[in-house]
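Good morning, and thank you for the time on today's agenda.

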Amino acid sequence: MEEANGVHSPMLSHNKPRKFGTDVMQDPTLYRSVVGALQYVTLTRPEIAFYVNKVCQFMEISLDSHWCLVKRILRYLSGTSTHGLLLSPTYPSQALSLRAYSDSDCANDPDDRRSTSGTCIFIGPNLIS
C-alpha cells in the first residue's frame, strides 16, 4: 500500500457493508492484524474512528469486500498524511468553554437494524474527545 493513490474520504457514503456474503477471505489473520493496527491509529486520527469501528464489526467473518474497505481507509491515510489536529492555546483572559455535539441514525444498519451515534467534545477551540 506504500505506492497507493490517496483518496479524499475513508469510505463512500452509499457503501453499506454487509455482514454475510460468499467472498470469504482466504487469510483472515491479515484482516485482523491490519484492522487492529488501525484501531491504534484512531488515537491520533480520530476522524477515522467511525470507519474503523465499522470494519471491526466484521472480524469474525471477513469478506473480500470488507478487505476493500480496509484498503480504502489505508489509502485515505496515505493521501492525508499531512493532516492532523490543531491544538490552540487558550489564554487566561479568555473564558473557557465546553461544547459537545452529537449525531445519530436510527436503525440504519442493513443486517441487524442497529442504530449508530457519535459525539465530539471541545474544550475551548480544541477537540478532546
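This is a predicted model: local features need pLDDT of at least 70, side-chain atom pairs count only at pLDDT 80 or more; totals for chains, interfaces and linings use all residues.

Pro-89 counts as exposed, at 54% relative accessibility; here exposed means over 50% relative accessible area, buried under 20%, and partly exposed in between, with a 1.4 Å probe and protein chains only. Pro-89 sits in the loop between α3 and β1 (98-105).

Residues are numbered from 1 along each chain as its sequence is written, and side-chain values use heavy atoms, with hydrogens and water left out.

**The chain as a whole**

The chain holds three helices and three strands, in the order α-α-α-β-β-β from the N terminus. These are DSSP runs numbered from the N terminus: helices are H or I with at least four residues, strands E with at least two. The C-alpha trace spans about 60 × 40 × 25 Å along its principal axes. Of the 129 residues, 26% count as buried. Taking contact as heavy atoms within 4.5 Å, 68% of the contacts between residues at least 6 apart in sequence join residues at least 24 apart.

**The helices**

In helix α2 (residues 49-56), the buried residues are Val-52, Lys-54, Val-55 and Cys-56. They pack against α1 (28-41) and α3.

Helix α3 contains His-66, which is buried at a relative accessible area of 0%. Beyond residues up to four places away in sequence, His-66 touches Pro-17, Arg-18, Lys-19, Tyr-31, Phe-58 and Ile-61.

Arg-72 also belongs to helix α3, residues 64-79. Which residues is Arg-72 in contact with, leaving aside its neighbours within four places in sequence? They are Val-7, Ser-9, Pro-10, Met-11 and Leu-12.

**Charges**

Arg-72 is buried yet has no salt bridge, a term that requires a side-chain nitrogen of Lys or Arg within 4 Å of a carboxyl oxygen of Asp or Glu. The nearest side chain of opposite charge to Arg-72 is that of Glu-47, 13 Å away.

How many salt bridges does a search of the whole structure find? It finds one. Glu-47 forms a salt bridge with Arg-45, and their closest N and O atoms are 2.7 Å apart. Glu-47 is partly exposed, with a relative accessible area of 33%, whereas Arg-45 is buried at 9%.

**The surface**

Accessible areas come from the Shrake-Rupley method with a 1.4 Å probe, and for residues only the protein chains shown count as cover. The chain exposes about 9000 Å², with carbon and sulfur atoms supplying 55% of it.

Leu-96, Leu-98, Ile-123 and Ile-128 make a nonpolar surface patch of about 420 Å². Patches consist of residues with over 30% relative accessible area and no salt bridge; like charges are joined within 9 Å, and nonpolar side chains (Val, Leu, Ile, Met, Phe, Trp, Tyr) within 5 Å. Ile-123, in strand β2 (residues 116-123), counts as partly exposed at 31% relative accessibility.

Terms used:
Lys and Arg count as positive and Asp and Glu as negative; His and the chain ends are not counted.
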